[in-house]
Amino acid sequence: MANKKLTEAKNTKNDEFYTQYEDIQREINAYLEYTPDVFKGKTVLLPCDDPEWSNFTRFFAQNFENFGLKKLISTSYAIESKSIKEGYQLTIFEMESPQFDEDKTKTHGKIFTLTRDSNKSGVIDIDDLEWTYLEGDGDFRSDEVKALRDEADIIITNPPFSLFREFLAWIMEADKEFVIIGNMNAITYKEVFPLLMNNKVWLGNGFNAGNAYFRPASANTSEYANGVYDDKTGLVKFRNCCWFTNLDHGRRHQPLSLMTMDDNIKFSKHKEIKNSGYNRYDNYDAIEVPFTDGIPSDYNGIMGVPISFLPKYCPEQFEILGMCENLDLYGLKTRVYTTQECQERYFEIFGKKGTYDLNASGVVNGYKVYQRILIRKKVSDK
Ligand SMILES: C[S@@+](CC[C@H](N)C(=O)[O-])C[C@H]1O[C@@H](n2cnc3c(N)ncnc32)[C@H](O)[C@@H]1O
C-alpha cells in the first residue's frame with residue numbers, strides 16, 4: 001500500500017511540466033515542411049494547457065495567420081484540481097481582466113479562443129486571445145472539454161504524464177488528428193503498441209538529440225535524480241520523452257541506412273555482432289538484433305529489435321509484426337519452456353526458489369533479453 005501511494009505521488013507530481021517554445025517549434029515545423037497547409041482552415045485545440053503562460057498557446061497564437069488557422073482553442077485545468085498547487089501563480093493578465101473572479105479561478109478551468117482581430121490592430125495574434133472561465137474545472141474528460149475536442153480538427157498538447165493512456169484513448173475515440181508528448185515507455189502499453197504496429201499512430205520528428213527540457217512547476221530538486229534538474233536554467237531534462245502523432249512528417253519516410261549481414265559480422269562496432277553474428281531466439285522464429293544500427297539490410301526473416309528502433313521506423317522499409325510479449329498472437333512460437341525449466345533457470349540466476357518466465361519474452365540460450373519489437377523487411381524494399 002505504502003509503495004502504491006509512493007508511485008501515485010510520483011506519477012501525479014510528474015504532471016506539472018511545461019514544454020519549451022523551441023521544442024514545439026521544431027516539432028511543428030516538421031509537419032509543416034512535409035505538408036505546408038497542414039493547419040490551413042483548421043480548428044486546433046490545446047487542452048491541458050495553461051494558456052496565459054503556455055508556449056503551445058503562444059506559438060499557435062503568434063502563427064495564427066501564418067498557418068491559416070480557422071480557430072485556436074486552449075483550455076486549462078483549475079488550480080484546485082492540480083496535483084501540485086504550489087508554484088502556480090495567477091498572471092497579471094488574468095488579475096487585471098474585467099472578468100477576473102477570485103473564487104472561480106481556483107475551481108474553474110479557463111478557455112482561450114482566437115478567431116479574429118479583436119483589438120483591431122490589423123493582425124490576428126496573441127493579443128487577440130479572448131477568454132472566460134469554463135463551467136467546470138477543465139478536465140479533458142468532462143463533457144464540456146469533450147465538446148471542444150469534437151469541434152476541433154487537430155489536438156496538440158503535452159498531456160498529464162499520469163493520464164497518457166486515457167488521453168490517447170480520448171483522442172482516438174473521437175478520431176482526431178493529434179500531436180502529443182508522452183513517455184517512451186508508452187510504446188509498450190497494450191493500448192498503444194497495436195496503434196503503432198498498424199500505422200495508426202507513429203512517433204513524431206523528435207526532440208533535439210533526444211533531449212526534452214521542461215520547466216517544472218516546483219523547483220524541488222530532491223525530486224530529481226542527479227543531472228536531471230539544472231539550477232541555472234530551472235529546467236529538467238528527460239531522455240525518455242517523445243512525440244506521438246498521426247500527422248505525417250518527412251523523417252518517418254527516410255529509410256535507415258544499414259549494412260548487410262556479412263558486413264555487420266565483419267565490421268560492426270558492436271562486439272556482440274562482430275565476428276560472432278546474430279543469435280536466434282530459443283522460443284520463436286527470429287534473430288535477435290540488439291542494436292538498431294546492427295539490423296542487417298539483406299535479412300528477409302523476422303528480427304527482434306530494441307524499442308529505440310521506433311523513432312527511426314520507416315513504414316516503407318519495415319513492417320512491425322508484434323512485440324516479444326504477444327508472440328502467441330502471431331503464431332511465431334517455436335518452443336515452450338516447462339515449469340521445471342523455468343524454475344531451474346531462476347535458481348541458477350538468483351540462487352533461490354522461484355520461476356523465471358522463459359515463455360513471456362525473447363529468450364536467447366535460455367536467458368531473457370530486453371523487450372523487443374519484431375520487424376520484417378518490406379518486400380518492396382530492395
Ligand atoms: C505535463 S503538463 C503540460 C502543460 C502544458 N500543456 C505544457 O506543455 O506546457 C500537463 C497539464 O495537464 C494538467 N492536467 C492534469 N490532469 C488533467 C486533467 N484531468 N484534465 C486536464 N488537464 C489536466 C496539469 O495540471 C498540467 O498543467
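This is a predicted model: local features need pLDDT of at least 70, side-chain atom pairs count only at pLDDT 80 or more; totals for chains, interfaces and linings use all residues.
Local features need pLDDT of at least 70 and side-chain atom pairs count only at pLDDT 80 or more, while totals for chains, interfaces and linings use all residues. Residues are numbered from 1 along each chain as its sequence is written.

The protein falls into domain 1 (2–253) and domain 2 (261–377). These bounds come from an automatic or database domain assignment. Taken over C-alpha atoms, the domain centres are 36 Å apart. Domain 1 gives 12 residues to the contact, and domain 2 gives 10 residues. Two residues are in contact if their C-beta atoms, placed from the backbone, lie within 7 Å. On the domain 1 side, helix α9 (residues 193–197) provides the largest share, 3 residues. Helices (H or I, at least four residues) and strands (E, at least two) are DSSP runs, numbered from the N terminus. By class, this side of domain 1 has 7 nonpolar, 4 polar and 1 charged residues. Ala, Val, Leu, Ile, Met, Phe, Trp, Tyr, Cys and Pro count as nonpolar; Asp, Glu, Lys and Arg count as charged; the others, Gly among them, count as polar.

Helix α2 (residues 21–34) packs on helix α3 (residues 55–62). Their axes lie 9 Å apart, at an angle of about 50°. Axes are lines fitted to C-alpha atoms, for helices over the stretch in contact, and angles run from 0 to 180 degrees between N-to-C directions. The angle therefore makes α2 oblique to α3. Angles under 35 degrees count as roughly parallel, over 145 as roughly antiparallel, 65 to 115 as roughly perpendicular and the rest as oblique. From α2, Tyr21, Ile24 and Gln25 meet Asn55, Phe56, Arg58 and Phe59 of α3. This contact has 4 nonpolar, 2 polar and 1 charged residues.
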